[in-house]
Amino acid sequence: MTDINNDGFLDIYVCKVGDYKSLKSHNLVYLNNGDSTFKEVSKEYGLDFSGFSTQAAFLDYDSDGDMDMYLLNHSIHTTRSYGNISLRQQKDSLAGDRFYENKLNEGETFFADVTDASGIYSSALGYGPAISVSDINNDGLPDIYVGNDFHENDYLYINQGDKTFKGIHGRIFQPHVSFYHGC
């Protein structure tokens with residue numbers, strides 16, 4: 001829950017698994033009308049992602065007064081999700097994480113997918129079950145921590161203040177990062 005459209009009322013974003021086998025659904029945005037009713041506007045806002053969504057985190061990454069969104073997606077075990085870290089650069093349409101910039105304060109009526117431009121990985125490697133937002137380096141900007149599962153390390157993205165993030169996960173956590181070791 002967050003105020004997606006900056007009108008002073010809490011709105012709701014719902015993550016759903018979609019586009020998997022026979023499931024044909026997408027994530028939902030419920031805008032609070034301020035009168036105990038809500039209106040679903042995910043398509044109009046560009047947030048109707050259909051894939052393996054698990055969680056969304058809202059943050060003002062560009063300090064413009066509105067809430068942008070990191071969409072955390074899970075993956076399924078396929079041959080595309082095994083290999084070295086170069087696979088992080090291969091975008092996955094269903095499992096890859098997404099980052100959306102809120103354009104409402106700029107006179108637009110949508111969120112723009114800025115995943116590539118912002119430096120966020122969007123591959124099938126992630127298996128993200130959890131995300132947290134905090135100012136890790138005390139520079140006044142929100143940073144992102146993504147807890148991954150299985151064979152991928154967690155990600156720590158440091159906000160650079162220019163609408164990009166720098167991934168420093170390997171340099172700061174090794175060798176002290178949680179890691180799944182299956183039974």
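Tutor: Two strands count as paired if DSSP finds at least two bridges between them. Strands (E, at least two residues) and helices (H or I, at least four) are DSSP runs, numbered from the N terminus. The model is predicted, so local features need pLDDT of at least 70 and side-chain atom pairs pLDDT 80 or more, while totals for chains, interfaces and linings use all residues. Residues are numbered from 1 along each chain as its sequence is written, and side-chain values use heavy atoms, without hydrogens and water.

Student: What makes S5 and S6 a pair?

Tutor: Three bridges join S5 to strand S6 (residues 98-102), and a pair needs at least two, so the two strands qualify. They run antiparallel. Within this pairing, Tyr70 has Phe99 as its bridge partner in S6.

Student: Which strand pairs with S5 over six bridges?

Tutor: That is S4, again in the antiparallel sense. Ala56 is bridged to Leu71 of S5.

Student: How do you know that S5 is mostly covered?

Tutor: Six of its six residues are buried, where buried means under 20% relative accessible area, exposed over 50% and partly exposed in between (1.4 Å probe, protein chains only). Asp68, Tyr70 and Leu72 lie on one side, Met69, Leu71 and Asn73 on the other, and both faces are covered.

Student: What are the neighbours of S10 in pairing?

Tutor: Strand S9 (residues 143-147) runs antiparallel to S10 and is joined to it by three bridges; Val146 has Tyr155 as its partner there. S10 also pairs with strand S11 (residues 165-167) over three bridges, in the antiparallel sense, and Ile158 is bridged to Lys166 of S11. S10 and S11 form a hairpin with five residues between them, and Gly161 in the turn has a positive phi of about 80°.

Student: Which residues of S10 point each way?

Tutor: Tyr155, Tyr157 and Asn159 point one way, Leu156 and Ile158 the other, and all are buried. Strand S10 (residues 155-159) is accordingly listed as mostly covered, with five of its five residues buried.

Student: What makes the 18 residues a nonpolar core?

Tutor: Such a core is a set of buried Ala, Val, Leu, Ile, Met, Phe, Trp, Tyr and Cys residues joined through side-chain atoms within 4.5 Å. The largest one has 18 residues, and those with the most contacts inside it are Tyr70, Phe99, Ile144, Val146, Tyr157 and Phe165. Strand S4 (53-59), strand S5 (68-73), S9 and S10 each give two or more residues to this core. Apart from it lies another core of 14 residues, including Ile4, Tyr45, Phe58 and Tyr100. In soluble globular proteins, nonpolar side chains tend to be buried together.

Student: What is Tyr157 in contact with, beyond neighbours within four places in sequence?

Tutor: Contact means heavy atoms within 4.5 Å. Among the residues that Tyr157 reaches are Tyr70, Ile144, Val146 and Phe165, as well as Gly119, Ile120 and Tyr121.

Student: What makes Asp113 and Arg98 a salt bridge?

Tutor: The N to O distance is 3.9 Å, and a salt bridge is a side-chain nitrogen of Lys or Arg within 4 Å of a carboxyl oxygen of Asp or Glu, so the pair qualifies. Asp113 sits in strand S7 (residues 111-113) and Arg98 in strand S6, 15 residues apart.

Student: Why is Arg98 called buried, and Asp113 partly exposed?

Tutor: Arg98 has 6% relative accessibility, so it falls under the limit for buried. Asp113 has 40%, and therefore takes the class in between.

Student: Which residues are linked in a network of salt bridges?

Tutor: Glu101, Lys103, Glu106 and Lys163. Glu101 meets Lys103 at 3.6 Å, N to O, and Glu106 also meets Lys103, with the closest N and O atoms 3.6 Å apart. Lys103 counts as buried because its relative accessibility is 17%, whereas Glu106, with 40%, is partly exposed. The whole structure has five salt bridges.

Student: Where is Tyr20, and why is it called partly exposed?

Tutor: Tyr20 is in the loop between strand S1 (12-14) and strand S2 (28-32). Its relative accessible area is 30%, so it is partly exposed.

Student: What is the overall make-up of the protein chain?

Tutor: Three helices and 11 strands, in the order β-β-β-α-β-β-β-β-α-β-β-β-β-α from the N terminus. Of the 183 residues, 45% are buried. Among contacts between residues at least 6 apart in sequence, 50% join residues at least 24 apart.
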